[in-house]
Amino acid sequence: MRILIRGAGDLATGIAYRLYKCGFEIIMAETKVPLTVRRTIAFSRAVYEGNAEVEHVTAKLTDGPEQIDDRIKKGYIPLLVDPGLKYLKEYKANVVVDAILAKKNLGTTIDAAEFVIGVGPGFTAGKDCHVVVETMRGHNLGKVIHEGCAIPNTGIPAEVGGYSVERIIRASADGLYEPVVKIGDHVEKDQIIAYSGGKPVRALMSGIVRGMLQPGVNVTIGMKCGDIDARCEEEYCYTISDKARAIGGGVLEAIMEHFNGEKHIL
């Protein structure tokens, strides 16, 4: 079975990893300039670097659909720059998973494949996709929703290590983003950790830098550009998160339920 995943950020990567490990053929489609904050555990960085390895699984930048079969045969996840899915028919995907996490639908339709999954807010099961998978941390994280929508985006970051809004690094001005620390570095509250548009960006808390935009991208004031983790576990900077694994499990459940019907072993 072949599965197309829109987006290749950290959560989409968690989904791709879980499905790949279960034996599915995975294709990923990204934008020309990905703005993934947790770059070290995202396949999206293959757009810049040519390939990206996450937990011993490698995504490889692929020029066109004609290279897909060869990439898959060699054990890679082919990643194409195709935000508008102009190659949709050539992908021949049985399943489309929209994991862009834009908090809104950017063009996915329920007829894009035999089975279409919307990840997070912005999708309605039965309208623009067959099912939705919940992305909000809490009791229902990873739940498969057959009717209705995921919990709307609150605009308030989930609490990690006892911190919420303080852990998010945001641009201080419009312009080029230039970090002065890197993922894995320990920082202190009020420390200058980047410049955006020439203005300093300061840490709102102490901890380890878990995510940071790559240098030289254009940002707008208030845009999320990174995050700090008070738990200070370096491993968390380079491994798939609990949230991504849970969402990946929800996507896997939805696919197995759809293609296997409601068969249960008693």
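By class, the lining of the largest cavity comprises three nonpolar, three polar and two charged residues. Here Ala, Val, Leu, Ile, Met, Phe, Trp, Tyr, Cys and Pro count as nonpolar, Asp, Glu, Lys and Arg as charged, and the others, Gly among them, as polar. The structure is a predicted model, in which local features need pLDDT of at least 70, side-chain atom pairs count only at pLDDT 80 or more, and totals for chains, interfaces and linings use all residues. Residues are numbered from 1 along each chain as its sequence is written, and side-chain values use heavy atoms, with hydrogens and water left out.

The lining residues of this cavity are P34, L35, T36, R39, S44, R45, Y48 and Q214. Its volume is about 30 Å³. A search of the whole structure returns one cavity of 30 Å³ or more. A cavity is a set of points where a 1.4 Å probe fits but cannot get out. A pocket is an open set with protein on both sides within 12 Å along at least five of seven lines. Lining residues have an atom within 4 Å of a point. Grid points are joined across faces, edges and corners, and a volume is the space filled by probe spheres set on the points.

The largest pocket has a volume of about 1,300 Å³. It is lined by 48 residues, of which D10, L11, L101, K103 and K224 are the closest to its centre. By class, 25 of the lining residues are nonpolar, nine polar and 14 charged. Helix 1 (10-21), strand 2 (25-30), strand 10 (168-170) and strand 17 (224-229) each contribute at least two residues to this lining. The largest share, three residues, comes from helix 1. Helices (H or I, at least four residues) and strands (E, at least two) are DSSP runs, numbered from the N terminus.

Helix 1 has 12 residues. From first C-alpha to last, helix 1 reaches 16 Å, close to the 16 Å expected at 1.5 Å a residue. The expected span is 1.5 Å times one less than the number of residues. G23 follows the helix and has a positive phi, near 100°.

The second largest pocket has a volume of about 180 Å³. R38, R137, V160, R210, R231, E235, Y236, T239, I240, S241 and D242 line it. This lining has three nonpolar, two polar and six charged residues.

Four strands form an open sheet in the order 14-13-11-16, with antiparallel pairing. Strand 14 and strand 16 (218-219) are the edge strands, each pairing on one side only. Two strands pair if DSSP finds at least two bridges between them. Strand 11 (residues 175-179) and strand 13 (residues 192-196) are antiparallel and share three bridges. Y177 has S196 of strand 13 as its bridge partner. Strand 13 is joined to strand 14 (residues 199-202) by four bridges, again antiparallel. I192 stands opposite R202 in strand 14. The hairpin of strand 13 and strand 14 has two residues between the strands, and G197 takes a positive phi near 60° there. Strand 11 and strand 16 also run antiparallel, joined by two bridges. In strand 16, N218 stands opposite L176.
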